[in-house]
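Subject: Structure handover

Hello,

Here is the structure you are taking over. My notes on what was found in it follow below.

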Amino acid sequence: MKVAIVHNDRVTTQVAVRHLQVLLAEKGILQDQQHPDLVISVGGDGTLISAFHKYKQQLDKVCFAGIHTGHLGFYTDWRNYDMEKLVDALASHPVEENEVGYPLLDMKVTTSCGEKRFLALNEASIKRISKTMEAEVWLGGERFENFRGDGLCVSTPTGSTAYSKSLGGAVIHPRLKALQLTEIASINNLVFRTVGSPIVIAPDEWITIVPKISDRAVVIVDGERISLTDVQKVDYKIAAEEIRFYQYGHHHFWERVNDAFIGDR
Ligand code: NAP
């Protein structure tokens, strides 16, 4: 098995990475940053998101494991003081027999220059920086509503605990193949009306957003602004690809939700 390590620049992380490299070498596990079987991210959930975008062209070959150098994360099952346990587990419980796959978001943006496709792990949102965004929302090819407000966000189940939750979205178990649409400060009054609540769509449905003024919409994928102008239409569906995680030692999903947001266990 070949392992790649992706990490952030924090001092605690750098110490953890050096220790991890020693542990891997002791078990005879090779490191290969180009063509790994397993990508270990060391840092936070944000670091795992960066690792995903770095290796998203190799999702059919690559599995992920996350080590958190702070609190327990949603993509980061292992703590930096657990690294021996992780490396022992990799030696005794092979990655290919201990994987779990989670849905990704496939976003197709149509501009006057053509179509571009993006994959998101957490979510993709469309906003206007200033002035109200007006857009038509279509669900499964049927016109649903005319939206006015700051913007709209479409998230994956694993992204439901991130930006989507701050927007009032539900926490969705990552084994469900579903996408959630949440509103960002919609205008609801006697003139303008939206459904006003998050919507969860089925695996065979898709969401289309058609901004009224195409040159002012900004698209953000997993926290990164995509440099596109003249966005005419955005289609969202569950991607054919999925992200696979090393499942051995995986924490129960609702345990993580409690740890992250309630903390009374
Ligand atoms: P960032 O500073 O890297 O992340 C913001 C926070 O979101 C961090 O505490 C991060 O955890 C946490 N996070 C990331 N993915 C998560 C998930 N699936 N479930 C629960 N928490 C999660 O921000 P960024 O680089 O701009 O964007 C990365 C992601 O952060 C975005 O995709 C977005 O979902 C989220 N975000 C949320 C808000 C908000 O809730 N208002 C605002 C900005 C960004 P770690 O500390 O472990 O990295």
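This is a predicted model: local features need pLDDT of at least 70, side-chain atom pairs count only at pLDDT 80 or more; totals for chains, interfaces and linings use all residues.

Overall dimensions

The protein chain has 265 residues and a radius of gyration of 20 Å, which agrees with the value near 18 Å that a compact globule of this length would have. Along the principal axes, the C-alpha trace spans about 65 × 45 × 35 Å. Of the 265 residues, 52% count as buried. The chain exposes about 12600 Å², and carbon and sulfur atoms supply 51% of that area. Among contacts with a separation of 6 or more, 71% are between residues 24 or more positions apart.

Helix 1

Helix 1 covers residues 11-26, 16 residues in total. From first C-alpha to last, helix 1 reaches 23 Å, close to the 22 Å expected at 1.5 Å a residue. Which residues of helix 1 are buried? They are Thr-13, Ala-16, Val-17, Leu-20, Leu-23 and Leu-24. These residues lie on the same side of helix 1, because they cover an arc of only 125 degrees around the axis. An α-helix has 3.6 residues a turn, so residues three or four places apart point the same way. On the other side of helix 1, Val-11, Arg-18, Ala-25 and Glu-26 are exposed.

The cover over the buried residues of helix 1 includes strand 1 (2-7), strand 2 (30-31), strand 3 (38-43), strand 4 (63-68) and helix 3 (83-92). Just after helix 1, Gly-28 takes a positive phi of about 70 degrees.

Helix 3

In helix 3, the buried residues are Met-83, Leu-86, Val-87, Ala-89 and Leu-90. Their arc around the axis is only 155 degrees, which puts them on the same side of helix 3. Lys-85 and Ala-91, on the other side of helix 3, are exposed. Helix 1 is among the elements that cover the buried residues of helix 3, along with strand 3, strand 4, strand 5 (78-79) and strand 16 (231-246).

Cys-63

Cys-63 sits in strand 4. Its relative accessibility is 0%, so Cys-63 counts as buried, the cut-off being under 20%. Leaving out residues up to four places away in sequence, Cys-63 touches Asp-37, Leu-38, Val-39, Val-95, Glu-99, Arg-244, Phe-245 and Tyr-246. Lys-127 is 64 residues from Cys-63 along the chain, and their C-alpha atoms are separated by 32 Å.

Asn-146

Asn-146 belongs to strand 10 (residues 142-155). Is Asn-146 buried or exposed? Asn-146 counts as buried, because its relative accessibility is 17%. The side chain of Asn-146 makes a polar contact of 3.4 Å with the side chain of Glu-134, and another of 3.3 Å with the side chain of Lys-212. Beyond its neighbours within four places in sequence, Asn-146 is in contact with Glu-134, Ala-135, Glu-136, Arg-193, Thr-194 and Lys-212.

Asn-189

Asn-189 is in the loop between strand 11 and strand 12 (199-201). With a relative accessible area of 34%, Asn-189 is partly exposed. What does the side chain of Asn-189 reach? That side chain comes to 2.8 Å from the backbone nitrogen of Phe-192. Asn-189 and Tyr-75 are 114 residues apart in sequence, and 39 Å apart in space from C-alpha to C-alpha.

Two entries for the backbone check follow.

- Ala-185, a residue other than glycine, has a positive phi near 50 degrees; Ala-185 is found in strand 11 (residues 179-186).
- Asp-230, also a residue other than glycine, has a positive phi near 60 degrees. Asp-230 is placed in the loop between strand 15 (224-226) and strand 16, and is buried, with a relative accessible area of 18%.

Regards

Key
Residues are numbered from 1 along each chain as its sequence is written. Side-chain values use heavy atoms; hydrogens and water are left out. Helices (H or I, at least four residues) and strands (E, at least two) are DSSP runs, numbered from the N terminus. The expected span of a helix is 1.5 Å times one less than its number of residues. Buried means under 20% relative accessible area, exposed over 50%, partly exposed in between (1.4 Å probe, protein chains only). The arc is that of the directions from the helix axis to the C-beta atoms. Contact means heavy atoms within 4.5 Å. The radius of gyration is taken over C-alpha atoms; the globule rule is 2.2 Å times the number of residues to the power 0.38. Accessible areas come from the Shrake-Rupley method with a 1.4 Å probe; for residues, only the protein chains shown count as cover. A polar contact is a pair of N or O atoms within 3.5 Å; within protein, one must be able to donate a hydrogen and the other to accept it, and residues adjacent in sequence count only if both atoms are side-chain atoms.
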